[in-house]
Amino acid sequence: GGSSHGSSHGSKPQECAWRPPDIAVAFNSGISEHDQKLWVPALEVLIRHRVPVVFTSYNDVEAAADAAVWRAAGGDVTLGPERNPFRALEPISEPSQVDTFYYQNYYWWCGRARAAASS
């Protein structure tokens with residue numbers, strides 16, 4: 001006989017086993033902003049399961065601050081922060097400044113869980 005994945009006779013469908021993703025990408029996440037404390041549990045899960053990450057930011061200051069949050073959570077930065085060659089091509093005017101522009105996903109950095117210390 002074959003197996004059935006649907007429910008029959010009132011039984012519950014089988015739950016799918018959770019698997020860590022191959023990579024996590026967060027676009028313009030702002031994880032370093034003061035109101036972004038909800039990121040902490042997500043960062044902990046990504047690090048615990050050793051999921052490689054890519055984060056983008058609107059500018060270099062935000063990218064550096066976001067990378068520092070990743071490091072503080074136990075991650076290593078493996079690339080960048082640097083200008084993202086795949087950023088949006090249309091500049092956006094910074095509303096609070098004159099002649100200042102930014103791009104969606106302007107800077108990026110990549111990370112992974114910190115390597116375990118060898119004994």
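Residues are numbered from 1 along each chain as its sequence is written, and side-chain values use heavy atoms, with hydrogens and water left out. Because the model is predicted, local features need pLDDT of at least 70 and side-chain atom pairs count only at pLDDT 80 or more, while totals for chains, interfaces and linings use all residues.

Helices (H or I, at least four residues) and strands (E, at least two) are DSSP runs, numbered from the N terminus. Strand 2 spans residues 53-57, and five of its five residues are buried, where buried means under 20% relative accessible area and exposed over 50%, with partly exposed in between (1.4 Å probe, protein chains only). In a regular strand the side chains alternate between the two faces of the sheet. Here Val53, Phe55 and Ser57 lie on one side and Val54 and Thr56 on the other, and both faces are covered.

Strand 2 has pairing partners, two strands being paired if DSSP finds at least two bridges between them. With strand 1 (residues 24-26) the pairing is parallel, over three bridges, and Val25 has Val54 as its bridge partner. With strand 6 (residues 107-113) the pairing is antiparallel, over five bridges, and there Thr56 stands opposite Trp108.

Helix 2 (residues 60-72) has 13 residues and reaches 18 Å from its first C-alpha to its last, close to the 18 Å expected at 1.5 Å a residue; the expected span is 1.5 Å times one less than the number of residues. Its buried residues are Glu62, Ala63, Asp66, Ala67 and Trp70. They cover an arc of only 135 degrees around the axis, which puts them on the same side of helix 2; the arc is that of the directions from the helix axis to the C-beta atoms. The face turned away from that buried side carries the exposed residues Val61 and Ala72. The cover over the buried residues of helix 2 includes helix 1, strand 2, strand 3 (75-83) and strand 6.

Ser57 is buried, with a relative accessible area of 0%. A polar contact of 3.2 Å joins the side chains of Ser57 and Asp66, a polar contact being a pair of N or O atoms within 3.5 Å; within protein, one must be able to donate a hydrogen and the other to accept it, and residues adjacent in sequence count only if both atoms are side-chain atoms.

Note on methods. Contact = heavy atoms within 4.5 Å.
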